[in-house]
Amino acid sequence: MPKTRTELEEMLPLTPAVFHVLLALVDDERHGYAIMQEVIESTKGRIKMGPGTLYGTIKRLLEARMIEESDERPDPVLDDERRRYYRLTAIGERVVKAEAMRYATVVEVVRRKRLIRRPVAATRTMGLA
Amino acid sequence: MKHAHDEPNSKALALSAQIYRHLLACYPSEYRRAYGPAMEQLFRDQCRDAWRGGRRWGLIGLWLRVMPDLMKTSVLEHISNLKGRKAMKDRISAVLVRQSSPRRLFMAVFAAVFVLMVGTSTLITFLLPETYSSTSRVKIQQDATEANRLSNPPAVGAYDPYFLQTEFEVIKSEVILGKVVDDLNLTRAWGKKYGAGKPLTAAETIAILKARIDLRPVRNTMLIQIRIFSEEASEAAKLANAIARTYQEHRKNLPEIVDLARPGLRPVRPNKPLNITMGIMGGSVLALVVGGGTAGIAAWLRRRSNTTAAPPLPASS
C-alpha cells in the first residue's frame with residue numbers, strides 16, 4: 001500500500017481506462033457492465049471499452065488493491081446474482097483523488113495561460129458539450 | 001407493436017455470443033477461468049444494446065470494435081502472464097527469444113493472424129443483411145412531338161442518349177415514385193421497418209426507394225432495365241413492377257412492359273464466396289507480413305542475446 005505522497009505519485013499518471021474505471025466506482029459499487037455504461041455516460045460516448053480492456057483493467061486494479069470484489073450481492077430479483085460487483089478500496093480512493101488533483105493542476109495552468117476560461121466555455125470551444 | 005426484428009434474442013445474438021465464447025480461448029487459461037464468464041456476460045449485454053441501436057449493423061459495429069480489443073488484450077495478457085518484473089520491452093523480447101525457432105514462431109503467428117482475419121471476414125459476411133434484386137424491362141419510344149422538338153432529331157425509335165437520360169430522371173421523379181409509394185402504402189410498411197413503428201413521411205420513403213433503384217439501358221435497344229434492391233425478394237419484384245406500370249401510365253401507355261420482375265431466388269448481396277475469398281487472400285498476405293516481421297525480430301533478438309551472452313574470447317597466445 002502506498003504510504004507516502006511520493007509513493008502515490010509514482011503510480012501516476014493513470015491510463016484513461018484505469019482512471020475512468022476508478023471514477024466509475026467512486027459513487028457506488030458496480031458490476032462490469034454498469035462500469036462500462038458509467039464510463040460511456042461520463043465521457044459522452046468517447047471512451048467505449050471492450051470486454052478485454054475492461055476486465056484487463058479490473059484485473060490490474062485488483063492486483064494493485066485499488067479495487068476489491070464486493071461480498072454483498074444485490075437482490076436477485078433486481079439483478080443477475082452471477083454478476084460480480086467491485087468497489088473502491090482506500091488505496092484506490094487515494095490514487096483516484098491524486099490523479100484528479102493532477103488533472104486539476106493541469107487545468108489551473110491551462111486557465112492561467114487563458115487557453116480556457118470556464119469549464120463550460122471550454123467544452124463548448126472544443127465541441128465536447 | 002414491437003417488430004420481430006427488434007427482438008433482442010435473435011439468432012445473430014446467439015451466434016455472436018457463441019463465437020465470442022470460442023474466441024476467449026485466445027486468453028491465457030488462468031485469466032479465462034477468472035474473467036471469461038464475466039466477459040462473456042458483458043459481451044452479451046453489449047450485443048443486446050448494439051442490436052437495439054442498429055440491429056445487424058449495430059452488431060457489425062460492435063464486432064469491429066471488439067475484435068481489435070480482443071487481439072490486443074489477449075496478447076497483453078499473455079505477456080503479463082510471464083513471471084518477473086521486467087519492463088514491457090524486455091518481456092516482449094523474452095517471449096520472442098524463448099520461442100524455439102523463428103520458423104515455429106512464424107507458423108504460430110501466421111496461423112493466428114490468418115484464422116482471425118478469415119474468421120472476422122466470414123463472420124461479418126454472415127451478419128450482413130441479405131439483399132435481393134428484381135428487374136423489370138420496359139420498351140420506350142419517342143413520340144413524334146418529342147422528336148420534332150430537337151433541331152436535328154434522330155429518327156423515331158433510334159438510340160438517343162438525351163432521351164434515355166430524360167426518361168431515367170422521369171422514372172426517378174416524385175411524380176412516379178410518389179405514386180408508387182401511395183399505391184403500395186410504403187410510408188406505413190417501411191415505417192414499421194425503419195421508423196420504429198411510426199409511418200415515414202412521403203419524402204423519406206421516396207428517398208429510400210430512390211436509393212434502391214438502378215436504371216440501365218439495354219445496349220443497342222430502346223429497352224430500359226428497372227432493377228430494385230430489397231431485403232425481401234417479393235418486395236423487390238413488387239416495387240420493380242409497380243414502377244414500370246406507373247411509368248407506363250404516366251407516358252400514356254407508350255412504353256411497353258416487355259418483362260415483369262420475378263422474385264429473386266438467391267440474394268445478390270453480400271457476395272459470400274467473394275467476401276470469403278477476399279478474406280482468405282487478405283488474411284494470407286497480412287499473416288505473411290506479420291508472421292515474417294515477428295520471425296525476423298525474433299531472429300535478430302536471438303542473435304543479439306547470443307552475442308551478449310557469449311564468453312569473452314581468450315587472449316591469443
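1. Two strands are said to pair if DSSP finds at least two bridges between them. In this predicted model, strand S2 (residues 213-217) of chain B meets that condition with strand S3 (residues 223-230) of chain B, for 5 bridges join them and the two run antiparallel. One of the facing positions can be named: B:Leu215 has B:Ile226 of S3(B) as its bridge partner. The two strands form a hairpin, with 5 residues between S2(B) and S3(B). Within that turn, B:Asn220 has a positive phi of about 60 degrees.

2. Chain A holds an open sheet of 3 strands, whose order is S1-S3-S2 and whose pairing is antiparallel. Strand S1 (30-31) and strand S2 (67-69) of chain A are the edge strands, each pairing on one side only. Between S2(A) and strand S3 (residues 85-88) of chain A there are 3 bridges, and these strands run antiparallel. Here A:Glu68 stands opposite A:Arg87 in S3(A). Helix H4 (residues 51-63) of chain A packs on the sheet, where it touches S2 and S3 of chain A. The direction of H4 makes about 100 degrees with that of S2(A).

3. S1(A) and S3(A) are joined over 2 bridges in the antiparallel sense. A:Arg30 has A:Tyr86 in S3(A) as its bridge partner.

4. Helix packing in chain A may be considered next. Two packed helices are described by the angle between their axes and the distance between the axes. For helix H2 (residues 16-27) and helix H5 (residues 90-112) of chain A, the angle is about 115 degrees and the axes are 10 Å apart. H2(A) and H5(A) cross in the left-handed sense. On the H2(A) side the contact involves A:Phe19, A:Leu22, A:Leu23 and A:Val26, which meet A:Gly92, A:Val95, A:Val96, A:Glu99, A:Ala100 and A:Tyr103 in H5(A). Classed by residue type, this contact of H2(A) with H5(A) comprises 8 nonpolar, 1 polar and 1 charged residues.

5. Chain B also has a helix pair to report. Helix H6 (residues 161-171) and helix H10 (residues 233-250) of chain B pack at about 115 degrees, with axes 10 Å apart. Because of this angle, H6(B) is roughly perpendicular to H10(B). The crossing of H6(B) with H10(B) is right-handed. B:Glu167, B:Val170 and B:Ile171 supply the contact from H6(B), while B:Ile243, B:Tyr247 and B:His250 supply it from H10(B). The residues in this contact of H6(B) with H10(B) are 4 nonpolar, 1 polar and 1 charged.

6. The final point concerns the interface between the chains. The size of an interface is often given as the accessible area lost when the parts come together. Chain A and chain B bury about 1700 Å² between them, and 51% of that area is on carbon and sulfur atoms. The contact involves 22 residues of chain A and 20 residues of chain B. Which residues of chain A lose the most area to chain B? They are A:Tyr33, A:Pro51 and A:Tyr55, which together account for 36% of what the chain A side buries.

Technical notes
Residues numbered from 1 in each chain as written. Chains lettered and ligands numbered in written order. Predicted model: local features only at pLDDT ≥ 70, side-chain atom pairs only at ≥ 80, totals over all residues. Heavy atoms only, no water. Axes fitted to C-alpha atoms, helices over the stretch in contact; angles between N-to-C directions. Helix = DSSP H or I, 4+ residues; strand = E, 2+ residues; numbered from the N terminus. Parallel < 35°, antiparallel > 145°, perpendicular 65-115°, else oblique. Left-handed = near helix turned anticlockwise from the far one by under 90°. Contact = heavy atoms within 4.5 Å. Nonpolar A, V, L, I, M, F, W, Y, C, P; charged D, E, K, R; others polar. Buried area = accessible area lost by both parts, 1.4 Å probe.
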